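I opened my notebook to write down what I looked up in this structure. The entries follow in the order I made them.

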Amino acid sequence: MEYFIDVVLPVPLERLFTYRVTEGEAAVLKTGMRVAVPFGKSKIYTGLVYQLHHHAPEAYEAKEIYQLLDDTPTVTALQLKHWQWIASYYMCTLGEVFRTAVPGALLLESETYVVKNPESAVEEANLRDDEFLVYEALQHQESLRVEDIMDIVDRKQVLQLLNRLLQKGVIRIREVLQEQYTPRMVPYIRLGKGYAHETALESLLAELSRAPKQRLAVMSLFQLQAQSEKPVKLKALEKESGTSRAVIRSLVAKGVLEEFALRTDRVVYEGGGAETASKQLNAYQEQALEEIRRNFEAGRVCLLHGVTSSGKTEVYVKLMEEALARGEQVLYLLPEIALTAQLIERLQAYFGGKVTVYHSRYNLQERVEAWQNILEGQEKASIVLGARSALFMPFSRLGLVLVDEEHEHSFKQYDPAPRYHARDAAIVLANLHNARVLLGSATPSIESYYNVKTGKYGYAEIARRYGNVLMPDMELVDLKEQWRKKRMKGHFSERLIEAMADALETGEQVILFQNRRGFAPILECTSCGHSPQCPNCDVSLTYHQYRSQLRCHYCGHSVPLPETCPACGNATLDTKGFGTEQVEQEVQNLFPKAVVGRMDLDTTRGKHGYAKIIHAFEEERIDILVGTQMVTKGLDFRNVALVGIMNADSLLNFPDFRAHERSFQLLTQVAGRAGRTQKRGKVIIQTYNPYHQILKQVTTGDYEEMFKEQVYEREQYQYPPTNRIIRISFKHRDYNKVNEGAEWFGRGLRNIFEKGVLGPEFPPVSRIRKQYIKNILLKIPRNQSLSKTKNSIKRLETSFNAISQFRAIRVIYNVDYE
């Protein structure tokens, strides 16, 4: 009897591939194990065993697998089920979900090596110059990587060159599979077995009296062993004895000491001492907790609507304690890596080493270790804290899912596929595990609150701040009036400067919010009006003063700041608009004695970039913090008396149906950073339109009114939550091809659906990384079957790809587009 396995490959293919296995391999293989398999002409990929069966494929001859990579499954059966739901709902392939979900170090791919053909007699005169360079290099080196050949011939496209060398028989191609993950082995020291008895030990110490440094090393080892029962690290012995590694190694060579290595995680909880007890909840928190428990018992997802600084985290901690007492795992999702830095310390104070952190700033090795700890159900992975990618972890006994700041659009993945929403995917994951789900926010998303109103979700509320601290006093400043009365200094109104001076005088801190990084978004010549544009995208280049360069925020293209206008040659370049760098500079000029910090993508690029700035601000080493939306999300600073919003209009005037909802959320959240202890905080919002409805709702904290208005408008124009939407994007380098392809697809959709098809239209930025983009928005009523709609779209895409001129156009689906 023949045995076959269906394998999920980490490539965007609609179908699974079938491979032949031997009877011995079939006895060992299980669903979720990794195997190395050949795919294409010579490439080797890591595949995931989906199922074992006896049916040979009809369309092709099944190849044999290259090797087994696991002894036990790396991926659980429930994970695979969850991935299938993501692939189906978000209209992508299982392979794309596999690639996103699993840490890159577990996805081994073969690397192509070029080696000399020993059987070929090469006529050097027949080789071109570039071919000879490669041939000559192979005389000195056994093998070359493709990247090495690119460097040798100094060009990126070397495929044709390699093909010519293959045809002439000069080279051979070899694929090598390389393991990317290596466990971290830490060296430890113990006394040699021959010196376990006292008599042997006495004679050893007498013998070492002539070698004082070696004797000191042995004595230090005894001291360290007396202090702790744990094995002694080589590094610790070096430090304690003050001797060099050479001294210790010479004792190892004599057999006096024994060196051994233990596998250690790269991220280790360093804290010691007892875990602190969680805080006593106040009456409002207790009431909310009871309401949450009632909803959990009824099997419903619960939304916790608690105002900023109401102590939602303490309610989460109580629920986590209950889950851990039941022996369950907890998944705690956050929208921003910046938030994890502050929360890790709080959770570790309560739960010690039971917290595992997982996000994209961790390196490949650290991510693999976190994955393995969760898979093995170790105690140190009882609570998994992370950004959206943490929901792909291999949980075995998940009992509670917490989604904090659930309204945040950072939970939505945009590129690459799968374009999933972590909040919605987490709810499905919890259902698979029969786990409880709590969504928390001070400004819930309209979709979640709509689900509460329609009875789909449960609801709990904390309407007051912890310790009965008053909500901040909000003030709108009319910039039109300020400019007219000449009361502006740069981008600061007289009122904002006054409030900042008062706060600094009393030793309090200030946060300034400007949702644009860089110094200025536009550099313009005042003589001819020229503004430098990105060559790859349809956007102007942003001026970054700290690097003295112009940068594109879409593709990363950068050029040094020109001294004269590239068009007319005049030295009349001026900036338009302002970003966080310019705000920072103006603050330094206005308050030269104050310490000013900046928190945006440019200052937080390092692994611990966020933590450094947050700690400095917490420890009051920074007086004024200027930041983008990073400063708005759930951070808890005790000494902030004033929050200044530099320009609220840039948020309100964004061309998106969610712009007003997002403005309300962002302004409320940033305002919530003020006055989180006994003294009432102050928020100053600068705007050219102080009578805007959203700004009035923000100042009065009227979420209910904002919700009613937005839902009414969206019902009229058929947007979520009353309708679902799918955005279909078309990308190609050729403008005409994108135009024609999108028009053809749009006509096809109108023939199928008649109503609810918007576009095709070019977005505000219609070219990114040299690719033109055109979008179609499909609005789907709630009573229309979503799965049938998706199947119709997929059938239309099959016809679209059958037309040769459209085949190269990339079609991208974004379900529940945000």
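In which strand is Pro760 found? I looked, and Pro760 sits in strand S34, which covers residues 757-761. A note to myself before going on: this is a predicted model.

**Entry: two cis peptide bonds**

The peptide bond from Gly759 to Pro760 is cis, and its omega is near 10°. Then I went to Pro418. The bond from Ala417 to Pro418 is also cis, with omega near 5°. Pro418 is placed in a loop, between strand S17 (398-404) and H15.

**Entry: the whole protein**

Next I zoomed out. I noted 26 helices and 37 strands in the protein. The radius of gyration is 31 Å, close to the 28 Å that the globule rule gives for 818 residues, so the protein is as compact as a globular protein of that length. I also wrote down a box: the C-alpha atoms fill roughly 85 × 75 × 70 Å along the principal axes.

How much of the protein counts as buried? I found 53% of the 818 residues in that class. For the accessible surface I have about 38,500 Å², and carbon and sulfur atoms own 48% of this area. I looked at contacts too, taking those between residues at least 6 apart in sequence: 75% of them join residues at least 24 apart.

S1 (residues 3-8) and S2 (residues 17-21) are antiparallel partners, joined over five bridges. Which residue of S2 is the bridge partner of Ile5? I found Tyr19 there.

**Entry: nonpolar cores**

The largest nonpolar core has 111 residues. The members that touch the most others are Trp83, Leu331, Ile728, Phe730, Phe745 and Ile793. Helix H15 (residues 422-433) gives the most to this core, namely six residues. Another core lies apart from it, with 32 residues, including Leu289, Leu304, Leu319 and Leu324.

Is Glu797 buried or exposed? I got a relative accessible area of 15% for Glu797. The cut-off for buried is under 20%, so Glu797 counts as buried. Glu797 lies in helix H26, residues 786-802. Leaving out neighbours within four places in sequence, I see Glu797 in contact with Phe745, Val811 and Tyr813. Phe745 was already in my notes, as a member of the largest nonpolar core.

Ala659 is my second case. Ala659 is found in helix H22 (residues 659-671), and at 6% relative accessible area it is buried. Not counting residues up to four places away in sequence, Ala659 touches Leu651, Leu652 and Phe654. I also checked how far Ala659 is from Phe578: the two are 81 residues apart in sequence and 20 Å apart in space, C-alpha to C-alpha.

**Entry: positive phi**

Last, I looked at two residues other than glycine with positive phi. For Asp154, phi is near 55°. Where is Asp154 placed? I found Asp154 in the loop between helix H5 (146-153) and helix H6 (159-167).

For Lys770, phi is near 65°. Lys770 lies in a loop as well, between strand S35 (767-768) and strand S36 (771-781). The relative accessible area of Lys770 is 37%, and I filed Lys770 as partly exposed.

Conventions: Residues numbered from 1 in each chain as written. Predicted model: local features only at pLDDT ≥ 70, side-chain atom pairs only at ≥ 80, totals over all residues. Heavy atoms only, no water. Pairing = 2+ DSSP bridges. Helix = DSSP H or I, 4+ residues; strand = E, 2+ residues; numbered from the N terminus. Rg over C-alpha atoms; globule rule 2.2 N^0.38 Å. Buried < 20%, exposed > 50% of the residue type's maximum accessible area, 1.4 Å probe, protein only. Contact = heavy atoms within 4.5 Å. Areas by Shrake-Rupley, 256 points an atom, 1.4 Å probe, with all protein chains shown as cover. Core = buried A, V, L, I, M, F, W, Y, C linked by side-chain atoms within 4.5 Å.
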